[in-house]
Amino acid sequence: MSILTILEFPDERLRKIAKPIKDIDSSLQTLIDDMLETMYHTGGIGLAATQVNVHLRLLVIDTSEEKNAPLCLINPEIISKDGEFEYKEGCLSVPESYEKIIRPGHIIVKGLDRNGKEIEIEANDLLSTCIQHEIDHLNGKLFIDYLSQLKRQRIKTKIEKMHRLEGKA
């Protein structure tokens with residue numbers, strides 16, 4: 001398994017809309033394993049393929065305390081949502097930035113598991129938020145898009161400064 005490079009805001013590749021996955025083959029299985037390894041390595045609880053510059057509708061999540069309950073969703077689609085849940089979200093693609101975001105607190109999502117089997121998941125609170133956050137990535141949207149223009153600009157300036165100091169810019 002490999003640790004993949006995570007794109008960071010304001011990289012425009014994060015705005016690409018991911019394409020549906022048609023074939024579940026060994027290269028996809030490797031990507032899933034690499035994404036899980038990357039997510040665990042960085043301490044994240046979710047990672048969308050878009051964040052590693054692969055523009056396919058794939059996400060991985062593990063919100064368990066022990067980090068031993070990986071969830072993989074291929075071509076995820078929210079079919080129902082209701083309620084409200086506020087959570088201070090962060091993102092591996094928006095380092096060192098956390099903001100309270102209100103999203104539906106209960107969702108039902110359908111998709112395929114890593115083996116291509118159809119699944120339907122009912123999720124609440126943190127898991128619901130995480131799935132919605134990662135699906136947003138697949139649609140070219142970041143959690144900071146829910147913030148005011150002023151807050152987004154402050155975050156962008158902070159990250160660009162961080163990149164300059166790290167020699168990434």
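Tutor: Contact means that heavy atoms lie within 4.5 Å. This is a predicted model, in which local features need pLDDT of at least 70, side-chain atom pairs count only at pLDDT 80 or more, and totals for chains, interfaces and linings use all residues. Residues are numbered from 1 along each chain as its sequence is written, and side-chain values use heavy atoms, with hydrogens and water left out.

Student: Which residues is H133 in contact with, leaving aside its neighbours within four places in sequence?

Tutor: Under that exclusion, H133 meets E89, G90, C91, R103 and F143. H133 belongs to helix α2, residues 125-138; helices are DSSP runs of H or I with at least four residues, numbered from the N terminus.

Student: Does H133 count as buried or exposed?

Tutor: Buried means under 20% relative accessible area, exposed over 50%, and partly exposed in between, with a 1.4 Å probe and protein chains only. H133 is buried because its relative accessible area is 7%.

Student: Where does I21 lie?

Tutor: I21 is in the segment before α1 (26-42). With 9% relative accessibility, I21 is buried. Not counting residues up to four places away in sequence, I21 touches L28, L56, R57, L58, I74 and N75.

Student: How many disulfides does a search of the whole structure find?

Tutor: A disulfide is a pair of cysteine sulfur atoms within 2.5 Å. The search finds zero. For C72, the nearest cysteine sulfur, that of C130, is 13 Å away.

Notes:
Helix = DSSP H or I, 4+ residues; strand = E, 2+ residues; numbered from the N terminus.
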